[in-house]
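Dear colleague,

Please find the structure below, together with its sequence. My notes follow it, and I would be glad if you read them with the structure open.

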Amino acid sequence: MSIIAKVKKNQSTINKAMSWLEKHDIANSERDKADDEGKKVSAIERRCEQTFDNYLHYLSLLPKYEQIRIEKL
């Protein structure tokens, strides 16, 4: 999924934020599967936290109007 920035200089940061959000979604799916199967989830949990923290970091670098556009998805 890609979003085109309103201001061109924000495009690379938007791409990075969206990439980390996709990685978080994948890690979250893996965590759900591991919970269902009863596997050890500490490593997967840590990956979920790291990917979400990176997403929030890149999101914080963007202006508020770009943040709102991403979060509407």
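Because R69 and E66 are 3 residues apart in helix α3 (residues 64–71), they are separated by about one helical turn; helices here are DSSP runs of H or I with at least four residues, and strands are runs of E with at least two, numbered from the N terminus. R69 forms a salt bridge with E66, with the closest N and O atoms 3.1 Å apart, the term meaning a side-chain nitrogen of Lys or Arg within 4 Å of a carboxyl oxygen of Asp or Glu. E66 counts as buried at 0% relative accessibility, whereas R69, at 26%, counts as partly exposed (buried is under 20% relative accessible area, exposed over 50%, partly exposed in between, with a 1.4 Å probe and protein chains only).

Please keep in mind that this is a predicted model, in which local features need pLDDT of at least 70 and side-chain atom pairs count only at pLDDT 80 or more, while totals for chains, interfaces and linings use all residues. Residues are numbered from 1 along each chain as its sequence is written, and side-chain values use heavy atoms, with hydrogens and water left out. The mean pLDDT (the predictor's confidence in each residue, from 0 to 100) of the protein chain is 90, and 90% of its residues reach 70 or more.

The structure holds 3 salt bridges in total. In one of them, the side chains of E30 and R47 meet at 2.7 Å, N to O, and this pair links distant parts of the chain, with E30 in helix α1 and R47 in helix α2, 17 residues apart. R31 forms a salt bridge with E45, the closest N and O atoms lying 3.1 Å apart; here too the pair links distant parts of the chain, R31 being in helix α1 and E45 in helix α2, 14 residues apart.

Leaving aside neighbours within four places in sequence, A17 is in contact (heavy atoms within 4.5 Å) with Y55, Y58, L59 and I70.

T51, which lies in helix α2, counts as buried at 6% relative accessibility. Apart from its neighbours within four places in sequence, T51 is in contact with W20, K23, H24 and A27.
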